[in-house]
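Please consult the sequence and structure shown here.

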Amino acid sequence: MSHNNELVGGKPDTADAVYTRLSEVVDEIGIKSVHYKILGLIALGGLFNIIEQYNIGFAAPGIVAEWGISTSQVGLLSTATFLAMALSSLVCGRLADRYGRKLIFTANILVYSAGALFCALAPSYEWLLIARVVVGVGLGGEMALGYTVVAELMPTKRRGAATGAMSLTHGGVGIFAAAGLAALILGPIAGAVGGEADAWRILLGVMVVPALLAVFVRMYVPESPRYLIRAGKFAQLNRTLTFISHNRLRADESIAVVGYFDSVEGKGVLEEKSSVAQLFHRSIRRRTFVSWALVTSLFGAVTVSTIFMPTVLTSLGFDPGASAGLSTLINLGGLLGGVLGVICAHRLPRRTVGFVCTGVNIGLALALAWTGSAWTALVCAFLLAFSLQVLSGTFWTYLPELYPTRIRALGSGTAITVGLVVGSALGPVISGYVYDGVGKAGTFGLIAILCVLFGLGAAAGPETYNRRLVEQ
């Protein structure tokens, strides 16, 4: 099964022709157990990412007790993290297109692990703020690249399920893991780790553990085949495809390397280098704006509903303790929705899922906006969390599929940057002012508007279900 991508005169095939051949080879090899091992390693990085995002909130009471900082200063720690994530997702997307997904992905894990250690050792609030910026730099790049690596290594028919599983790890399992870890460290074992006064440092510092994951990623996760083609590393490409076809993650000298690509080493395919300007080329810009609309509306809806739900439940008559417990129950809906999201991403067209979930989300948000019944609100909130995570599972499959290979990491990273800044960072601020003015009707009315924006984005975007990446 050899393919020579050299044409007469020594000119290489077009990028699309070579990538088409690659997609054919990947699909011919089919799904192997090594694909699930790769998925597991990358998903584990995503799980740590979510824990790192949430743990600052659980650590906040201990930080306030030690330094006497204000609530706004606590909020700034979160804002700084999200803004750093936004910048990093953009920069790392570009670096990954140029230097490879695996290298940058590994570096991101090491960066946020180092940031976690700096957080634990911070001697003052100012140093903690700087450390959280370091954490955000690592988190933003890892978040964007994880989905890209999975999408580019998986066969076409399993790509949706794989990226849906990544979404489940982030949106469902990660939130519960963050809460469980905080409950353990700040509660039963607080005395064993230095007492309640220092437990928050342990909670932040324990996230240095992902540095060990980077070692395994470096050893076992192969470089993206599409990057190897762009870099002209065809010998490494043939080894990677051969070992995957034999269900191996590491080199095995007893396996004869198949010459899937018989090209001149060091001579990559002819294609333009990625740049932000390409995202606005007439052939791409519509997809760029679609991705921005989708990621902003989804990030904003999830963030606003998660942050303000305890406040809303308290306003409906539940005491703070009951509100916290009920919020955990609502997040169970998100976990269950994430499971269904994996199935939908594998079996259903992306836009169909988008339209259905958008309609459901708008109805539930408006019901929450106007109901005066505490228990009706609780049921609607549970269903809203469920539907948002179903939508999230399909979205994270759809996002990398929107862009051609040469700018996939850059396009995904840019979209996540916009979503983090406009949705995750500004959404809660705007919602807070709205809530102070008109109460929960304003907050959930805002969520309904964001869901409308998602529906418009889905209507304007292409369908990518069961299509090879190169065909899109």
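Does Cys380 count as buried or exposed? At 10% relative accessibility, Cys380 counts as buried, where buried means under 20% relative accessible area, exposed over 50% and partly exposed in between (1.4 Å probe, protein chains only).

The model is predicted: local features need pLDDT of at least 70, side-chain atom pairs count only at pLDDT 80 or more, and totals for chains, interfaces and linings use all residues. Residues are numbered from 1 along each chain as its sequence is written, and side-chain values use heavy atoms, with hydrogens and water left out.

The protein chain has a mean pLDDT (the predictor's confidence in each residue, from 0 to 100) of 81, and 90% of its residues reach 70 or more.

Zero disulfides (pairs of cysteine sulfur atoms within 2.5 Å) are found in a search of the whole structure.

A nonpolar core is a set of buried Ala, Val, Leu, Ile, Met, Phe, Trp, Tyr and Cys residues joined through side-chain atoms within 4.5 Å. The largest such core has 107 residues, and Ile42, Ile63, Leu128, Phe395 and Phe444 have the most contacts inside it. Beyond four places in sequence, Ile63 is in contact (heavy atoms within 4.5 Å) with residues including Leu128 and Trp200. A second, separate core of 16 residues includes Val18 and Phe261.
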